[in-house]
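Q: I have a chain open in the viewer and would like a walk through it. Can we go from the overall picture down to single residues?

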Amino acid sequence: MAEPILTIRGAFPAFAFAQEDALLSGAEFSLSFAPQNGWQWQSRFSYLYAQNLGLNQPLYGMPANRMDHTLGYVFGDVFFMKESYVEVQNVWVDRQRRYVENLDYANPPKGYALFHVNMGTNLAVIKNKESWMVHLSAQNIFNTSYRDYQSRFRYFIDDPGFNFIIRLQI
């Protein structure tokens, strides 16, 4: 493991990388289902296997396996609102199980599950003109404490908790 860099502001992680032969293989699956009545379901799964062939050990810094499920409903046009939708999303990220002990400053964090709610519409503010797109998103609605394996901030602090986003596109 590399020694941290010491500055007048404190100790900071240092990293040195070298090129090696590697094997990366994986699979992604996606399943969508949309019956005629406005409901939509989408599931995605990502699996990655990465091996450092020169050292015969897992490759450092690879993303953990994950699943993502989204259930949504698309509404018909109502007054001046077009293509309105609402959806609930679940993102599950596994703990990175393929790593080398004591290679990093901290072992991979535990896995986590996040829930998000998204909604939006196109507003026809002025007749026969371009519409405005309004999207609202509430991310990590249960304020789950988690640390993502690929974030260098994981050594110091949790990833963001509850987050509310408003997007207006004119």
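What follows is a short exchange about this chain.

Q: What kind of model is this, and which pLDDT limits apply?
A: This is a predicted model, in which local features need pLDDT of at least 70 and side-chain atom pairs count only at pLDDT 80 or more, while totals for chains, interfaces and linings use all residues. Residues are numbered from 1 along each chain as its sequence is written, and side-chain values use heavy atoms, with hydrogens and water left out.

Q: How many helices and strands are there in the chain?
A: Zero helices and ten strands.

Q: Is it compact or spread out?
A: The chain is more spread out than a compact globule, because its radius of gyration is 22 Å, well over the 15 Å that the globule rule gives for 170 residues. The radius is taken over C-alpha atoms, and the rule is 2.2 Å times the number of residues to the power 0.38. Along its principal axes the C-alpha trace spans about 65 × 40 × 30 Å.

Q: What percentage of the residues count as buried?
A: 25% of the 170 residues. Buried means under 20% relative accessible area, exposed over 50%, and partly exposed in between, with a 1.4 Å probe and protein chains only.

Q: Switching to pairing: which strand does E8 join, and how do the two run?
A: Strand E8 (residues 112-123) is joined to strand E9 (residues 132-139) by seven bridges, and the two run antiparallel. Strands pair if DSSP finds at least two bridges between them. Leu123 stands opposite Trp132 in E9.

Q: And what is on the other end of E9's bridges to E10?
A: E10 covers residues 163-169, runs antiparallel to E9 and is joined to E9 by seven bridges. Here Val134 stands opposite Leu168 in E10.

Q: Back to E8. Is Leu114 buried or exposed?
A: Leu114 lies in strand E8 and is buried, with a relative accessible area of 6%.

Q: Which residues does Leu114 touch?
A: Leaving aside residues up to four places away in sequence, Leu114 touches Gln89, Asn90, Val91, Asn140, Thr144 and Tyr146. A contact means heavy atoms within 4.5 Å.

Q: How far is Leu114 from Ser43?
A: Their C-alpha atoms are separated by 15 Å, and the two residues are 71 apart along the chain.

Notes. Helix = DSSP H or I, 4+ residues; strand = E, 2+ residues; numbered from the N terminus.
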